[in-house]
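Please take me through this model in a viewer, one selection at a time, and tell me what is to be found at each stop.

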Amino acid sequence: MYRPVASRAVRYADLDLFPTKIRTGFYAWLLHRVTGLAIIFYLLLHIVVISTVLGGGGNFDAVMAWLKRPFFAVGEMLLVTAVIYHGLNGLRVILFDLGIGIKRQKALFWGAFVLAAAGFGFALRVFWPLIFPG
Amino acid sequence: MTIDRGKTAGNAGGNGGGQVAAKRPDKVTLKVYRFDPDLDKEARIEVYDIPWTDGMTVLDTLFWVLERVDGTLAFRFSCREGICGACALFINGSYRLACETQVARLLDEGRTEIHVMPLPHLPVIKDLVVDMARFWANYESIAPWIVARSKAPEKERLQSPKDRKRIDEYVGCILCGSCFSACPASWTDKDYLGPNAMMKTWRWVDDTRDAAKDERLGLVAGENGAWRCHTVFNCVEACPKKVNQAAAIQGLKRKTVSAMLRGAKGLKQGRKGLEE
């Protein structure tokens, strides 16, 4: 009589959440959601920052000076990347609605991804002096 | 049936093809999801060591367990040749038909073990058997049969090979439920029609013999229909028959918009309009 070698509780690894086959469309959608939320969060922050001008120009200048920190420079760099990706992937989805490129969805995603990465590289160059002042 | 590996080592042209006769282990480790609602509080994983056989499929390994270790292992199967769609399972992180998945192929992918899980995101009835009620109810709701509205001819309703070719891909669906299980919109919205039911709607909308196209579009035009598809393409990745459900759903979206602009009456008639 054969017996099972082991019997144990289900573990995280059993779920195979990170499949061997890359599900491009799923990650494209997930990134689209995450960058979308990040952009909305930035928009709210932006409104708060801009609204400080209501208290007089000096107030606003002080806030702008305070924002000149490496932390916010990194944030703006990520913002540039997120906006480029979200915009391009949005175009990708619009193309699908028009019936274009459904069979080439992976190539279109990688196109958007590479351009966003290039945007990140460009932003890195621009923001470098702000992140590492002096 | 169990063939000693040593005896078949030179039999490259035998069961399973040439590449399978390459270096193989004496046994493979199978990890199976087990859950009996009458006995278990929580699901568990049972591990079995299975002697290697050339040409062995994942379904064969499940039969091996059923016959020699545990007769209570529950799983669905029928045709054993990839046409009934009963044995769709989540195997090593991908949706596959157990009967068409060679163990040798899984080992070639670099994994040393076989993980067999029921279709994710569906309620488990027992072990590898999931509740497909929602899947079938959705399929029934789109009226997956021809509505012709003209006098029945003497023999069959003819269709040119060119017209038939348009729907070939969608007719090839075997209703295994992989796409429905893989779709994030189906996970979060229990009323969502799902990729399968909508792909099958497109199969009839694009069929030159069908006469109820606007009514069919009306069934998928709501918020739980085509518009909830976010083009995640999980259905396309999951499909063991390589059907492109996403393309079909995008087709439905376009046709629905043009039907609305035309002011098609059929759009608002619902299922009743289909049955008249």
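In this predicted model, begin by selecting Asn244(B) and Ala246(B) at the start of helix H11 of chain B, where a side-chain oxygen of Asn244(B) comes to within 3.4 Å of the backbone nitrogen of Ala246(B). Then extend the selection to residues 245-262 of chain B, the 18 residues of H11(B), whose first and last C-alpha atoms lie 26 Å apart, close to the 26 Å expected at 1.5 Å a residue. Just after the helix, pick Gly263(B), which takes a positive phi of about 70°.

Staying on H11(B), colour its buried residues, which are Gln245(B), Ala246(B), Ala247(B), Ala248(B), Ile249(B), Gln250(B), Gly251(B), Leu252(B), Lys253(B), Thr256(B) and Ala259(B). Which helices do these buried residues pack against? Show helix H3 (70-97) of chain A, and with it helices H5 (161-171), H6 (178-182), H8 (194-205), H9 (213-220) and H10 (234-238) of chain B, against which the buried residues of H11(B) pack.

Now move to His115(B), which sits in strand S5 (residues 113-117) of chain B. Is this histidine, His115(B), buried or exposed? With a relative accessible area of 8%, His115(B) is buried, because that value falls under the 20% cut-off. Its side chain makes a polar contact of 3.4 Å with the side chain of Glu113(B). Leaving aside residues up to four places away in sequence, select what His115(B) touches: Ala13(A), Asp14(A) and Asp16(A) from chain A, and Lys31(B), Phe90(B), Ile91(B) and Asn92(B) from chain B.

Next, display the whole contact between the chains, to which chain A gives 34 residues and chain B gives 36. Chain A and chain B bury about 3000 Å² between them, with 56% of it on carbon and sulfur atoms. On the side of chain A, select Tyr2(A), Asp16(A) and Arg23(A), which lose the most area to chain B and together account for 19% of what that side buries.

Across the interface, 10 residue pairs are found in polar contact, both residues being at pLDDT 80 or more.

Finally, on chain A, highlight strand S1 (6-9) and helices H1 (24-51), H3 and H4 (105-131), the elements that each give two or more residues to the side touching chain B. The largest share of that side, five residues, comes from H1(A). Coloured by residue class, the side of chain A that touches chain B divides into 17 nonpolar, six polar and 11 charged residues.

Notes: Residues are numbered from 1 along each chain as its sequence is written. Chains are lettered from A and ligands numbered from 1 in the order in which they are written. Side-chain values use heavy atoms; hydrogens and water are left out. Helices (H or I, at least four residues) and strands (E, at least two) are DSSP runs, numbered from the N terminus. The expected span of a helix is 1.5 Å times one less than its number of residues. Buried means under 20% relative accessible area, exposed over 50%, partly exposed in between (1.4 Å probe, protein chains only). Contact means heavy atoms within 4.5 Å. A polar contact is a pair of N or O atoms within 3.5 Å; within protein, one must be able to donate a hydrogen and the other to accept it, and residues adjacent in sequence count only if both atoms are side-chain atoms. Buried area is the accessible area (1.4 Å probe) that two parts lose on being put together, summed over both. Ala, Val, Leu, Ile, Met, Phe, Trp, Tyr, Cys and Pro count as nonpolar, Asp, Glu, Lys and Arg as charged, and the others, Gly among them, as polar.
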